[in-house]
Amino acid sequence: KSIPKAELHLHLEGSVTPAIFGALSRKYDTDYAVLNEEKIQAQLFNYRDFYDFLNTYRIVCEHLREPLDYLMVFDWLESYFAEQNIRYAEIIYTPSILWRAGKDGREVLVALLKQSNKLNDQGITIRWILDCVRQFGAQWAWRTAELAAEFSKQGVVAIGLGGDEKSLSMGEYQEVFAWVRDHQLHAHVHAGEISDAQQVWEALQVLGANRIGHGIQAAWDPNLTDYLCQHAIGLDVCLTSNARTGAWPTISDNPFDLLHRKGIPVTLNTDDPGLFQVSLNEEFQKAAV
Ligand code: ADE
Ligand code: ZN
């Protein structure tokens, strides 16, 4: 706790805790309003596999409908940053989830930037990654890229590509990511989480990724680990997330240590602290064992 930290891979939508989910389900009187926090944790925030996790993620996102909902989550993150001694964070926000539901993803971003820029006074710097979801397609990615460019001077630093890496090909997003790089934004790509090292190669070669979300499967490909090392491409490793989604079921043999010893810039992250009920300090403790 005494170490000042950075967290580089943290989804805003994945920061919904059982308590926040309970409050939102009562606010919107959804089917889940009958569940107390223990039941939310045991029945909904408990995953058979990665796809079961994505299903819960979708349900959680259906409960985020207006700026106030997102600000409730951001409020929780503010206390999380203080408690975890986090001084720098890159938060991943996905406007296309709202757009696809006919809602306004831009006004939510405006509200979040206003709130996050206030943290500067407390010595906490927040930057934003606007995520495109792999299974959603290029149409939504273009809209996300344009929004990122509009707010690039106000705290948005990159666009990202999360979601199901076994769905659409990287090629679908090649033009959008080239456009984004021309607009001095960075490219953050989830790859090599549940699929193989080839996904990491494509993130680098097709999308020009500057940093990889997860990337643990790179451990199987020595040419790739050499490349990541030589080009100082960072991997955002998320030990608990990998265990909870089944991407790498046992923390003690997660390749974090191997990748670190090879000289790749690896970082520790929670991914979705609300949905996995994990903190960054706990991730550091787990890595230290
Ligand atoms: N969105 C939130 N968490 C994710 C993960 N672990 N993989 C892909 N997309 C995500
Ligand atoms: Zn992620």
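This is a predicted model: local features need pLDDT of at least 70, side-chain atom pairs count only at pLDDT 80 or more; totals for chains, interfaces and linings use all residues.
Let me start with Q184, which is exposed, at a relative accessible area of 67%, where exposed means over 50% relative accessible area, buried under 20% and partly exposed in between, computed with a 1.4 Å probe on protein chains only. Q184 sits in the loop between α8 and β5 (186-191), the helices (H or I, at least four residues) and strands (E, at least two) being DSSP runs numbered from the N terminus. Although Q184 is not a glycine, it has a positive phi of about 60°. Q277, also not a glycine, has a positive phi of about 50°; Q277 is placed in the loop between α13 and α14 (280-288) and is partly exposed, with a relative accessible area of 39%.

Residues are numbered from 1 along each chain as its sequence is written, chains are lettered from A and ligands numbered from 1 in the order in which they are written, and side-chain values use heavy atoms, with hydrogens and water left out.

Now to the metal. Which protein atoms are the donors of the zinc ion (ligand 2)? They are NE2 of H9, NE2 of H11, NE2 of H190 and an OD atom of D271, lying 2.1 to 2.3 Å from the zinc ion; donors here are N, O and S atoms within 2.8 Å of the metal (3.2 Å for Na, K and Ca), and since water is not among the atoms, sites may look incomplete. The angles among the four donor atoms run from 83 to 164°, and the site is irregular. By the rule applied, four donors count as tetrahedral if all angles lie between 85 and 135 degrees, four count as square planar and six as octahedral if opposite donors are over 155 degrees apart and all others between 65 and 115, and anything else is irregular. Along the chain, the donors of the zinc ion follow the spacing H-x1-H-x178-H-x80-D. H9 belongs to strand β1 (residues 5-11) and D271 to the loop between β8 (266-268) and α13 (273-276), so this pair ties together parts that are 262 residues apart in sequence. H9 is buried at a relative accessible area of 0%, and D271 also counts as buried, at 3% relative accessibility.

D271 takes us on to ligand 1. The residues around ligand 1 are H11, F50, F53, Y57, G162, G163, H190, E193, H214, S241, D271 and D272, on the criterion that a heavy atom of the residue lies within 4 Å of the molecule. As for polar contacts (pairs of N or O atoms within 3.5 Å; within protein, one must be able to donate a hydrogen and the other to accept it, and residues adjacent in sequence count only if both atoms are side-chain atoms), a polar side-chain atom of D271 lies 2.7 Å from a nitrogen atom of ligand 1. A side-chain N or O atom of D272 is 2.9 Å from a nitrogen atom of ligand 1, and a polar backbone atom of G163 is likewise 2.9 Å from a nitrogen atom of ligand 1.

Let me turn to the aromatic residues. Rings of Phe, Tyr and Trp (its six-membered ring) pair if their centres lie within 6.5 Å, with planes under 30 degrees apart counted as stacked, over 60 as edge-to-face and the rest as tilted. The count comes to 15 aromatic pairs. One of them, W76 with Y80, is stacked, at 5.3 Å centre to centre and 20° between the planes; W76 and Y80 are four residues apart in helix α4 (residues 67-84), a separation of about one helical turn. W76 counts as partly exposed at 27% relative accessibility, whereas Y80 counts as buried at 3%. W142 and W179 form an edge-to-face pair, 6.0 Å centre to centre with 70° between the planes, and this pair links distant parts of the chain, with W142 in helix α7 (residues 138-150) and W179 in helix α8 (residues 174-182), 37 residues apart. Ring pairs also link Y47, F50, Y51, F53, Y57 and F276 into a cluster.

Lastly, charges over rings, which require NZ of Lys or CZ of Arg within 6 Å of the ring centre and within 35 degrees of the ring normal. The charged end of R100 sits over the ring of F136, 3.6 Å from its centre; R100 lies in helix α5 (residues 95-100) and is partly exposed, with a relative accessible area of 44%. R143 lies over the face of W99, 4.4 Å from the ring centre.
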